[in-house]
Amino acid sequence: MSDLVLGGIADGVFLGGYETSASMLALGAYLLAENPEAVRMLRDEPESVDRVVEELLRHLTVVQLAFLRFATRDHELGGQQIKTGDAVGISLLGANRDEKIAVDGDRFDPAREPTRHLAFGHGMHRCVGAELARMELRIALRGLAQRFPDLQVTADRSDLDFRKLSAVYGVEELPVHLYGRDRDVVAAG
Ligand code: HEM
């Protein structure tokens, strides 16, 4: 295996497989802290877990751009002329807010009917880790909601350091209070 191939695999596993899921967990926890109804659904309705997780994936779309595609022929797409060899960058974030995918897509709605969102991309380069990521999110976010239903973010939104330059949207750190059932703070950080 050449260094180049090894580097590509490392990039796929560490950036593709770690940072994406980690960002979904941090930003997902942030949205849950703001949406008690989503926490209630995760905690009390096991059948709602898939729905909440899919809506988090759609709404957050942490991988905002699909991999570049290169046109193999001239054609028109969305009113744009594309020539053979042109690189085409597609905003998955924009697509996931398109009315054809989700009405009022800027709104996080944990009870939203399942959508055909593009958070994992599309076609032959669609995310190979999608099902693993889904399993991780279902288990971790449900566990969080069950154990710490009164989760609170302790920083103002304006003080949070959202990543501006990473290929994966995320937050540098998310200070929270985790309350146990008797509302004692059991962890902060
Ligand atoms: C919530 C978590 C994740 C999100 C949102 C995500 C999203 C994406 C997106 C949007 C693409 C590009 C698809 C395209 O351009 O059509 C992609 C590709 C990829 N992802 Fe993920 N991913 C996640 C988790 C993972 C995990 C857990 C792994 C590995 C264990 C992984 C491995 C990869 C690899 C190797 C590719 C490249 C596939 C190819 O080029 O054929 N991803 N992912």
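Student: Where is S23 found?
Tutor: This is a predicted model. In it, S23 belongs to helix α1, which covers residues 3–34.

Student: Is S23 buried or exposed?
Tutor: Its relative accessible area is 5%, so S23 counts as buried, the cut-off being under 20%.

Student: What does S23 touch, leaving out residues up to four places away in sequence?
Tutor: G28, V62, R163, V168, Y169 and G170.

Student: And how are S23 and L60 placed?
Tutor: They are 37 residues apart along the chain, and 9.5 Å separates their C-alpha atoms.

Student: Switching to the ligand. Which pocket does it take?
Tutor: The ligand takes up the space of the largest pocket.

Student: How many residues surround the ligand, and which are the closest?
Tutor: There are 24 around it, and the closest are G16, F67, R69, H125 and C127.

Student: What classes are in that shell?
Tutor: The shell has 14 nonpolar, 8 polar and 2 charged residues.

Student: Which helix gives the most to the shell?
Tutor: That is α1, the helix that holds S23, with 5 residues in the shell. Both α1 and α5 (130–147) supply at least two residues each.

Student: What about polar atoms of H125 and the ligand?
Tutor: A polar side-chain atom of H125 is 2.9 Å from a ligand oxygen.

Student: Which backbone atoms come up?
Tutor: A polar backbone atom of F67 lies 3.0 Å from an oxygen atom of the ligand. For H122, a polar backbone atom is 3.1 Å from a ligand oxygen.

Terms used:
Residues numbered from 1 in each chain as written. Predicted model: local features only at pLDDT ≥ 70, side-chain atom pairs only at ≥ 80, totals over all residues. Heavy atoms only, no water. Helix = DSSP H or I, 4+ residues; strand = E, 2+ residues; numbered from the N terminus. Buried < 20%, exposed > 50% of the residue type's maximum accessible area, 1.4 Å probe, protein only. Contact = heavy atoms within 4.5 Å. Near = heavy atom within 4 Å. Polar contact = N/O pair within 3.5 Å; in protein donor to acceptor, adjacent residues only side chain to side chain. 1 Å grid on protein atoms, 1.4 Å probe; cavity = no way out; pocket = protein on both sides within 12 Å on 5 of 7 lines; lining within 4 Å. Sits in = over half its atoms within 2 Å of the grid points. Nonpolar A, V, L, I, M, F, W, Y, C, P; charged D, E, K, R; others polar.
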